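Trainee: I'm new to this one. Could you walk me through it with a few questions and answers?

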Amino acid sequence: MKFSIANIVLFLFLTNFSIAQPGVLDISRFGGAPNTNIAKAFSSAWTQACASTTPVKIVIPAGTYQMSALDVKGPCKAPVEVKVDGTVRAPISQNDLKDAGQWVKFGYLDSFTLSGNGVFDGQGEAAWKLNDCSTNKNCHMLCMNFGFNFVNNSIIRDITSKDSKNFHVNVLGCNNVTFDGFTISAPANSLNTDGIHIGRSTDIKVLNTNIGTGDDCISIGDGSKNLTIQNVNCGPGHGISVGSLGKYENEEPVEGLLVKNCTFTKTDNGVRIKTWPDTPGTITISDMHFEDLTMVNVKNPIIIDQEYCPWNQCSKKNPSKIKISKIYFKNIKGTSATQEGLTLICSSGVPCESIELTDVDLTFNGVEATAKCSNAKPIIIGKAPICAV
């Protein structure tokens, strides 16, 4: 049989193309079926996928599934994608999750993808009333929907996190992870349900994302660097917050944040930096850029609060030791739900430095919103509220 050079080239191309395509592991192959607990099936599929030397895609097809706590880890030998098109529901009772801090936990991975039009439903409504953190310093932490721990060069795309019992997403020790087209959905009365909490991570991006929840839409913990939050809709919720910080002495600095092209609708706060007073932490917060933001009836559109003391569970006897500097607010427009649209309450021990306000145009009931400042002397470029000290 004769082969032309063109046929040989085509054969080699198709061979290489087929090798490059990831294998597909439908959870039904491992006993995962709608209306059943698929944790065991998923774990079996994960074990096979993680051991593969070529890329693999685990698929949860359309349908409604139950799943108990899941904790899967790498490192894997090749990229793994988990594509979810169904609705996966957590146990209603916190007790059924045993001691799991996160319901769905991915750890120690590189080149991981979580994608699809699926919903992870934490069924948190029954648990929210158990949250007594407003009165109990030693309150029991409820289970989060997702934990991404020490995950690198990865993407979470299009998935929905619904009604988590606690935080929706916790990002810890990660590098170069992107949330794109992500959706977080919970009512305003869902206590302590931060949308995405980022801690000790670098180069994290949250893009084109809708977040409605009962606490911070995005909260940024210590040791976080080079973060980008862009094209995010926040509301209901408590806004996008850096902190709270300074409560513990072993915290790490926070530096390099861009929040751009975001809209806040009827939130408690817009963009906020918060630190505890009278606590041992001595880190720095610097190089924060808040640009091109729209506020729609927001209670505190711009706020730095270095006397953050929720539920009066701390002392204000001594000022915060956290140094805040190089903070830039630019082109922020819209409406404030309170007369004070800008609040800069900085530490008397380490006053804020290099705070710039450029073209900040906020109104309250049709008139210009006011500003309140202490231990801060912002530089004003263009229009911005003038501080009343």
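Trainee: Which residue meets Lys260 in a salt bridge?

Mentor: Keep in mind that this is a predicted model. The pair ties together parts that are 32 residues apart in sequence, because one end lies in strand 20 and the other in strand 23. Lys260 is partly exposed at 22% relative accessibility. Its partner, with side chains meeting at 2.6 Å, N to O, is Asp292.

Trainee: And is Asp292 buried, exposed or partly exposed?

Mentor: Buried would need under 20% relative accessible area, and exposed over 50%. Asp292 has 24%, so Asp292 counts as partly exposed.

Trainee: How far apart are the end C-alpha atoms of helix 2?

Mentor: Helix 2 runs over residues 39–51, which makes 13 residues. At 1.5 Å a residue, they should span 18 Å. The model agrees with that, as the end C-alpha atoms are apart by 18 Å.

Trainee: What arc do the buried residues of helix 2 cover around the axis?

Mentor: The buried ones are Ala39, Ala41, Phe42, Ala45, Trp46, Ala49 and Cys50. Residues three or four places apart point the same way, because an α-helix has 3.6 residues a turn. On the other side of helix 2, Lys40 and Thr47 are exposed.

Trainee: Which side chain does the side chain of Asn166 make a polar contact with?

Mentor: Asn166 sits in the loop between strand 11 and strand 12, and is buried at a relative accessible area of 2%. Beyond its neighbours within four places in sequence, its contacts include Met141, Cys143 and Thr193. The polar contact, at 3.3 Å, is with the side chain of Asn192.

Notes
Residues numbered from 1 in each chain as written. Predicted model: local features only at pLDDT ≥ 70, side-chain atom pairs only at ≥ 80, totals over all residues. Heavy atoms only, no water. Helix = DSSP H or I, 4+ residues; strand = E, 2+ residues; numbered from the N terminus. Buried < 20%, exposed > 50% of the residue type's maximum accessible area, 1.4 Å probe, protein only. Polar contact = N/O pair within 3.5 Å; in protein donor to acceptor, adjacent residues only side chain to side chain. Contact = heavy atoms within 4.5 Å. Expected span 1.5 Å × (residues − 1). Salt bridge = Lys/Arg side-chain N within 4 Å of Asp/Glu carboxyl O.
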